[in-house]
Amino acid sequence: MIKICHLYPDLLNLYGDRGNIIAFQQRCRWRNIPVEVHEVGIGDVLYFDHFDFLFLGGGSDREQNLIVADLMQRRNELKEAIEKGLVLLAICGGYQLLGKYYLTREGENIPGLGILDFYTRAGDRRLVGNVAVETNLGGETVILTGFENHSGQTYLGSIQPLGKVRSGNGNNGEDGWEGARYKNVFCSYLHGPLLPKNARLTDHLIFLVLKRRNRQELLKPLDNTFEDRACRVMLGRMGLV
Amino acid sequence: MKIGLFFAIMAGRLVAFASRVSGRKGSSLPGVIAGKIYYRCLRDLAGQVREGIILVTGTNGKTTTNNMIAGILEKARFKVVANFEGANMVSGVTTSFIKKAGLFGKIDCDYAVIEVDEASVPRVMKELKPEVIVITNFFRDQLDRYWEIEKIVGVIRDSLNKYGYATLVLNADDPLVAQFGQITRLPAVFYGIGRHEQTTDTNTRIREAKFCPFCGAALAYDFFHYGQLGNYRCTGCSFKRPEPGVEAMGTAVSDRITCRIVYANGPEVPLTMQTMGIYNLYNALAAFATGLHLGIDTGIILNGLNSYQPVTGRMEKFVHQGKQVFLILVKNPTGFNEGLSALFLNREKKDVFIAINDNDADGKDVSWLWDVDFEIVGNGHESFRRFICTGRRGEEMAVRLKYAGVPRDKIAVNPDLKQAVRKVLEGGNGQSYLFSTYTALWEVHGILKTMVAGGIKHD
Ligand SMILES: [Zn+2]
């Protein structure tokens, strides 16, 4: 049984985030891989070791502040789980939380979990629009498409980006990188949401989960006609096909 | 006579005429042009309204509520200016006035009933002084433009407090709206819906307003109607659903809505609406409360509500060779969920058409589709023949349906709107439902109308 942990679904639920959970779950089900989703809220008991896949979405500023306190108490266990290869997808606000700090426009420094080596600072303008990102998944070059909408601008330290921006802004609109990647952790500003349309990324996450359990043989190919068409339409509009 | 106003109106009318000749829906262009020529155009025109201006804002139901209020006022024999076409930013409002103005800028009008986009409230309120402000509800809508409800609430609050004159007509059941009774200094009347057979005790899909806007503690609910609308009270402070001055009791929903309206200082009255969807009852209650506040006789108010005709895309009904066809505008998850629930009110076999565009007026970000509960269609897919997805993001819609559990062979993508409409009307029996986002709506409506001439009749 693959166990998915959806963290703070009642607070971090901006921009159709649950689409990522639906996609992960369905692509397991269509392969007859048993899967279950646990929703974990503030103050709930949570053992990261019990889970195969953790999802951290985005929220509004106020909602995000509410969860930082809760997440801080779980910080060390989360870091340990990540080091041990927990598969994690963090989007927008969830992405920012994993970093060192967030610098507000007023110069206030709000500490993050400090698990990954990057920081975010409030930008002068919101970065909004369609995005295409070129990444490498298991040796294969893949272009992901999605939509970004963030005012925070993220700068990576000694950590890999998720990929190279082919169209759109990405982390900060300056250095050409989008998202972050560390061990089995994937961070991105792309919602849209990310997983349903980008079936190869979803399958890669499932692959990583199965690999940790030595069950890779379960990952059978699926028909991706709709998903690929949806991506191609956007790539076409961004002038990339 | 102000010469600036004269030229502004003349130019605006020319544009209106030109766009009508060329067949375009130039609903706010005249206002844009007129406003450029003479910046006080809207202020001068609106200043001539004799009795008062009624402003309607909120996320869903603005257009319907606005049209209902205008209908009631017309039944009461007042002369009314209204922005009927959903043109609800400054330029659209200006256009509505220009259309009613004589060439020398004179307007013969008792009331103006104006729906205003939430984000445009401050700009519109700079130009005109409303007597009554109706707020319907707040839901997440077009997130790439309006990324946080709190921000919208703050903007409207500041604008109302700066102005400081008007009576508020507020939805008591929406905590985000009801708070305006306290965060502004304006007098308020409330409307709401009492517990009835379809209210639920729990709602896992509540997305906004889980917490008190005043103290941040969780809100506890006795019952929900939909979304965050229901009977709530704060677990941390004294904030709770205000006692409605106008309340619907004993509501029953089938293919129409019946209820009793209970209000202060009068005997209760029965109301029947030939429409599905509880959200339309909220619109009617808002209009009822506004009518009462303006001192209109309840008989006339009911008369106005009864003669209300749904406008384009608000469950507009057509008949095609004996098959019932419904056109429904969708723009956010709550509205779409309400529309989907109509699919389960009878056992007829259904064909569904969904047109999703991502132009400015639709919202460029279509991620909201993942917040719509298409899973109910996936689970109940036996009652559907097929789903035809179209529009600029038709492919995206197909993906959404696939992941909601609709079998792949029931989903088709056809980017050609005309062909897609034709497909969904095929087959003599059952019903067809056409969902469309804003910028595809007029085109879909036009296609439906031409097919009326070829055999479809308006019901
Ligand atoms: Zn409170």
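Buried area is the accessible area, taken with a 1.4 Å probe, that two parts lose on being put together, summed over both. In this predicted model, local features need pLDDT of at least 70 and side-chain atom pairs count only at pLDDT 80 or more, while totals for chains, interfaces and linings use all residues. Residues are numbered from 1 along each chain as its sequence is written, and side-chain values use heavy atoms, with hydrogens and water left out.

Between chain B and chain A the buried area is about 3,200 Å², with carbon and sulfur atoms giving 52% of that area. Contact, meaning heavy atoms within 4.5 Å, involves 33 residues from chain B and 37 residues from chain A. Five salt bridges cross this interface, a salt bridge being a side-chain nitrogen of Lys or Arg within 4 Å of a carboxyl oxygen of Asp or Glu. B:Arg408 and A:Asp223 meet in a salt bridge through their side chains, at 3.0 Å from N to O. On the side of chain B that touches chain A, H14(B) gives the largest share, seven residues.

Turning to chain B itself, an automatic or database assignment divides this chain into domain 1 (51-82 + 107-306) and domain 2 (314-451). The centres of these two domains of chain B, taken over C-alpha atoms, are separated by 28 Å, and their contact takes 18 residues from domain 1 and 20 residues from domain 2. About 1,600 Å² is buried between domain 1 and domain 2 of chain B, of which carbon and sulfur atoms give 51%, and the count of salt bridges between these two domains is zero.

Methods: Chains lettered and ligands numbered in written order. Helix = DSSP H or I, 4+ residues; strand = E, 2+ residues; numbered from the N terminus.
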